[in-house]
Amino acid sequence: MSDFNISIYADGASVDGMIEAKTKWPISGFTTNPTLMKRAGVSDYLSFAKEALAAVDGLPISFEVFADDFTTMQKEAEKLATLGQNVFVKIPITNTKGESSVPLIKKLSTEGIQINATAILTYKQVKSVAEALSKDTQNIISVFAGRLADTGVDPVPLMKQSQALVNQYPQASLLWASSRELLNVFQAENLGIDIITVTNPILEKMKMIGLDPTELSLDTVKGFHNDVKALGFSIL
């Protein structure tokens, strides 16, 4: 992983998982989201955030607002931003009504809050956010490449076009979000993407880099054979 130019952020909502990621791999930052928090059983958001901040030891970390109305969203963002200088506040590109959050992003950015604009899936959304960010701040634009791929659309053209745009805005970094496999890290690296988020299970697959395909084939067969023995299956 040290050979990659791209910054790799660990994606999760387990403090123990964050510590594991920081210990085992050259991680440059962390991201969280409400879905991951639900899976991890987080019950007290602010307590979790403070524990996570202590665990990441100054590395960038993103926490997302919960509200659906922009007035409350602003208050939440301002509170989250006070937790630490390394905090990026995640603002979804729209609320559930489809109303753009770009005006709020612009306002918060003007206040000096570091934004992670999230749930982005179009070039138009990338452009609108980039244009709204204050030149005096550092921010992240998260494009959900993996979610786009889930629709059967190759995300590479969008990511390439978006990175070319974001390169014109020093106050912004482009993030390849919702990675689905280790290959995504190589794809993002080849495109010159600034950041990619990766879960710990995908990070574990880093040990497979460079494995000989023939040996991997044999290892796969051995795995099937061991499972057959464990199950006690018999055809004859």
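Trainee: How many bridges join strand β1 to β8?

Mentor: Strands pair if DSSP finds at least two bridges between them. Here β1 (residues 7–11) runs parallel to β8, joined by four bridges, and I8 stands opposite I196. Helices (H or I, at least four residues) and strands (E, at least two) are DSSP runs, numbered from the N terminus. The model is predicted: local features need pLDDT of at least 70, side-chain atom pairs count only at pLDDT 80 or more, and totals for chains, interfaces and linings use all residues. Residues are numbered from 1 along each chain as its sequence is written, and side-chain values use heavy atoms, without hydrogens and water.

Trainee: Which residues of β8 are buried on each side?

Mentor: In a regular strand, side chains alternate between the two faces of the sheet. In β8 (residues 195–198), I195 and T197 lie on one side and I196 and V198 on the other, and all are buried (under 20% relative accessible area, 1.4 Å probe, protein chains only).

Trainee: Where is the largest pocket lined?

Mentor: A probe the size of a water molecule, rolled over the atoms, shows where empty space is left. A pocket is an open set of points on a 1 Å grid over the protein atoms alone where a 1.4 Å probe fits, with protein on both sides within 12 Å along at least five of seven lines; lining residues have an atom within 4 Å of a point. The largest pocket has 32 lining residues, with N33, T35, K90, F144 and R147 nearest its centre. α2 (34–40), β4 (87–92), β5 (115–120) and β8 each supply at least two lining residues; α2 gives the most, four.

Notes:
Buried < 20%, exposed > 50% of the residue type's maximum accessible area, 1.4 Å probe, protein only.
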